[in-house]
Amino acid sequence: MSWLAAAVLLPLVLVLPGYALAAALFPPGTIDRDLRIVLVVALSICATALSGLVLQLFVDLSRGVFAASLATLTIGAALVARRERARRPGRSVSRGRLPHLPPAGLLAMVAAIAISAVAIAIATAGANRQLNASHFSALWLVPQGPPGFPPNGPPVIVGVSNREGRETGYRLSLRRGASTLRVWRFRLAAGDEWDATLAASELRGAGPLVARLDRGGTAHRRVALELDPRLEGVADE
Amino acid sequence: MSDAPATAVRVDRAKRREKARLEARRGARGPSLGALPLLSVVAAVGLLLIALGNNAAREDAAGATTLFWAGLIAIYGPIAYRLLSASASRAERIGLVIAMGVALFLVKVLYSPIGYPPFDELATWRQTHDLLETGRPFTSNPIAAGFPGFPGLETTTAAIVQLTGLSIFHAGTVLIGVARAGLMLALFLVIERISGSARAAGIGVAVYALNPSFLYFDSQFAHESLALMLGATLFLATVAWSLPKRLDARTSLGFVGAIVLLSWVVTITHHMTSYLLAAFFVVWALLARLASRRHSPANSADSRRPARPIGNRGRPSRPAARGPIFPAVLLCSTTAAWFVFVAGDDTIEELGSVFSGAIDSVLRLVFGGSGPKTLFQGSSQHNTTLARAFAFASVIPLLALLPFALRRALRVRDPLWYALAAVALLYPITLGLRLTLSGTETSQRASEFVFVGLAFYAAVLITELPSPSRRIARGLLSNLSLAGLATVMLLGAFIVAELPTTRQPGPFLVGADARSVGAQGLAAAQFADRHLPQNSRILADRPNGTLLGSYGGLDPVLGRIDGIPVARVLFRERFDRVDRKVIRDDEIDFVVVDQRLSRELPSLGFYLEPDEPGAFTRDEPIDAAALDKFRLETELNRIYTNGPIAIYATSGVGLR
């Protein structure tokens, strides 16, 4: 979902419930605007956290549950506020004047927000640059089947991840004991992953499974996996 | 006869009417925001300098720290100066404190703008993620034992994620940013109501920002950051309800409702905030009760004269029902109920280790057994002499303030002022904890509460300095000196709170929390999330364990099993029978080995946890042979490697 949509929906959680609650608790003119602003945010958080706490006793907290609970709370509190306002028709509403911001000041505030956004963008780019400066490849060999937890039997997933920052060619060999079971040759784009699942029938033999990843013609990574010895012989069936 | 005089009269009248019309328009306008727009731009430029400084730090380039300090000075100094002035309007002061608070919060965001490196934030991420996955808020958290019992932050963040589509990181950042703005406004309003001065309120908030935890610790995506804002709002609501002499019944009822809701949400959000706030309300209530008894008609020296309750300057007293007693009883009840029925075990496990460590350190310091911790120094890092001077400069003025604060409180003779003075007087105790090896964390957590009292009295005393309006130049110099001193204190407080290696991002370091998070660690966590069974138990150093325990969905294991520290598995040069016992008995499924641990000593003083063997006292890093042993051990399956990091499955241990 876009940032614009998020900006429109955010007040549903952080403003509206608290605004309605504050209006229900404090009819117009009973507290000043600054106190009301603080209470709006704090009571919105109250509404979300406390309603979630109560509802989780009965249902799992999901988007629908949050939406329904906050909407119900907001509408209920708004109705109470409206009734209170109707009961106090003569009460004057104290509306202090909003601070005055001349055009130059408004421009300065917009500039401040823009400069802050640029600062965040610069920091973000720097953080990403630092992460992307590390170049490496990863290799794994993970059993997926029983027995036990975590699993230690076939099928087995062998996989490679390219974090070299450029397209890279690999040679991957899988051996068991003295036998070479499979050899793959492939190229991966920067950031891509590759994997293959090997069933028990493809893992015949005895001894540990060893996967070796060659990059640029030289041995680069090695992983080894001894399947559960209680499964020896099961793979041959 | 010429018409010139009549014309001149008409022009005069027209000018006067125009002038009156303009003045009426000005009067009809709202209060001016004065220098707020300009100072907001200056603060934003400060953020820009910090972003550039952090990027330079990531590349170990020159000028990184200069840019960073310049940015902090640009954010804080000018705003502090303006808040000290007498000419700023109330609206401007409110805008300035919010701008200062949000800008200083963004300093933390600029440190890690794309994810959550530090420990607490990843623990909160894990808790929130599990809530989103399961729909349940009380799932166990292997990174931080105390987190499940206090779901306020995670529930609110999950709601934002679900309803807006933002990621946990972005939702959490927005929520804590909004909480920071709310905290600044709440503190301003509460100080204003107690002191009666908007100028004091602005100064007080600026002094509050000098607490060592303000910049990073209180800006992180963690329970305390949200709880501080909620607690400050509860305090504000209590003050707004308690202090006025007259309050109509409907409004009073509204405050009662707000206090009830806020008490519950603080209780379910953070233990320390609710406990300390409850303790404060109890102290305030006891002092108020003592004061009203001493000045009741029965105790009055002249029973014909009506008693004058302390602190209200002879005006009719407020009804006894409104005061700190109700919030004190309510908050004590909610925290006790939450402890007994929900979060007792989690709280004891988390706070128990923190406090027992602090008490143990104090006892050993006092009675021998360990020397004091070297101040302003990490396990392998040293602050420069200038940095140490700044650090001391952040402490001395606040200590010097205390006798004046006490004298001021004794003059006013108001229970709330006494209670705030008592809070301020805790400051030297929290400082003393910093001298101990394990007391620093307690000191850090306490500072954001103690500084409320310090900020209040600093504000009151500064506003009572000789009026600047009589000697304008001297007033300006005085405000400039105070703003300069406050800025030095801000930098010094930051030096106290953060080691040289944790102040800015930078190249990879061993055992340095945020500085130990890199591409390989994140890749390993991503692999674990996709390919390893969730909630598998792992043994790993702290940074990798935190990444794998959060983004990877695994459960890091710490502590001891049958009295044997699990950390020994990583430290010993041979994989022996005891290591096999640890792995079997503690049901460790995977061991994560980072070869880089043998490069250098850990910056924070430990590899896995603060009470591991050799923590804080090592003079050599882990032997490379100790980490290499896993590769040669046939019972361990090396199932993943990305270069420095390898993951070993332990499923073969004990089967041969």
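1. Helix α9(B) passes α10(B) in a left-handed crossing. This comes from a predicted model. Helix α9 covers residues 223-242 of chain B, and helix α10 covers residues 249-267. Their axes come within 9 Å and cross at roughly 155°. Angles over 145 degrees count as roughly antiparallel. α9(B) and α10(B) are therefore roughly antiparallel to each other.

2. Which residues of α9(B) and α10(B) meet? From α9(B) come L230(B), G231(B), T233(B), L234(B), A237(B), T238(B), A240(B) and W241(B). From α10(B) come S252(B), F255(B), V256(B), I259(B), L262(B), S263(B), V265(B) and V266(B). By type, the residues of this contact are 11 nonpolar and 5 polar, with no charged ones.

3. Now a second pair. Helix α11 (residues 271-294) and helix α15 (residues 415-424) of chain B have axes that come within 8 Å. The axes cross at roughly 140°. That makes α11(B) oblique to α15(B). The crossing of α11(B) past α15(B) is right-handed.

4. On the α11(B) side, the contact uses F280(B), V283(B), W284(B), L287(B), A288(B) and A291(B). On the α15(B) side, it uses P415(B), L416(B), Y418(B), A419(B), L420(B) and V423(B). Nonpolar, polar or charged? The contact of α11(B) with α15(B) has 12 nonpolar residues, no polar and no charged.

5. Look at α15(B) by itself. Of its 10 residues, 8 are buried, so α15(B) is largely enclosed by the rest of the structure. The buried ones are P415(B), L416(B), W417(B), A419(B), L420(B), A421(B), V423(B) and A424(B). Check the start of α15(B) too. There, a side-chain oxygen of D414(B) comes within 2.8 Å of the backbone nitrogen of L416(B).

6. T157(B) deserves a look. This residue sits in helix α6 (residues 152-164) of chain B. Is T157(B) buried or exposed? Its relative accessibility is 0%, so T157(B) counts as buried. The T157(B) side chain reaches the backbone oxygen of L153(B) at 2.8 Å. Leaving out residues up to four places away in sequence, T157(B) touches T128(B), I168(B), A171(B), G172(B), L175(B) and F221(B).

7. Last, the whole chain. Chain B has 23 helices and 7 strands. It has 656 residues, and 58% of them are buried. Take the contacts in chain B with a separation of 6 or more: 73% of these join residues 24 or more positions apart.

Terms used:
Residues are numbered from 1 along each chain as its sequence is written. Chains are lettered from A and ligands numbered from 1 in the order in which they are written. This is a predicted model: local features need pLDDT of at least 70, side-chain atom pairs count only at pLDDT 80 or more; totals for chains, interfaces and linings use all residues. Side-chain values use heavy atoms; hydrogens and water are left out. Axes are lines fitted to C-alpha atoms, for helices over the stretch in contact, and angles run from 0 to 180 degrees between N-to-C directions. Helices (H or I, at least four residues) and strands (E, at least two) are DSSP runs, numbered from the N terminus. Angles under 35 degrees count as roughly parallel, over 145 as roughly antiparallel, 65 to 115 as roughly perpendicular and the rest as oblique. A crossing is left-handed if the near helix is turned anticlockwise from the far one by less than a right angle, and right-handed if clockwise. Contact means heavy atoms within 4.5 Å. Ala, Val, Leu, Ile, Met, Phe, Trp, Tyr, Cys and Pro count as nonpolar, Asp, Glu, Lys and Arg as charged, and the others, Gly among them, as polar. Buried means under 20% relative accessible area, exposed over 50%, partly exposed in between (1.4 Å probe, protein chains only). A polar contact is a pair of N or O atoms within 3.5 Å; within protein, one must be able to donate a hydrogen and the other to accept it, and residues adjacent in sequence count only if both atoms are side-chain atoms.
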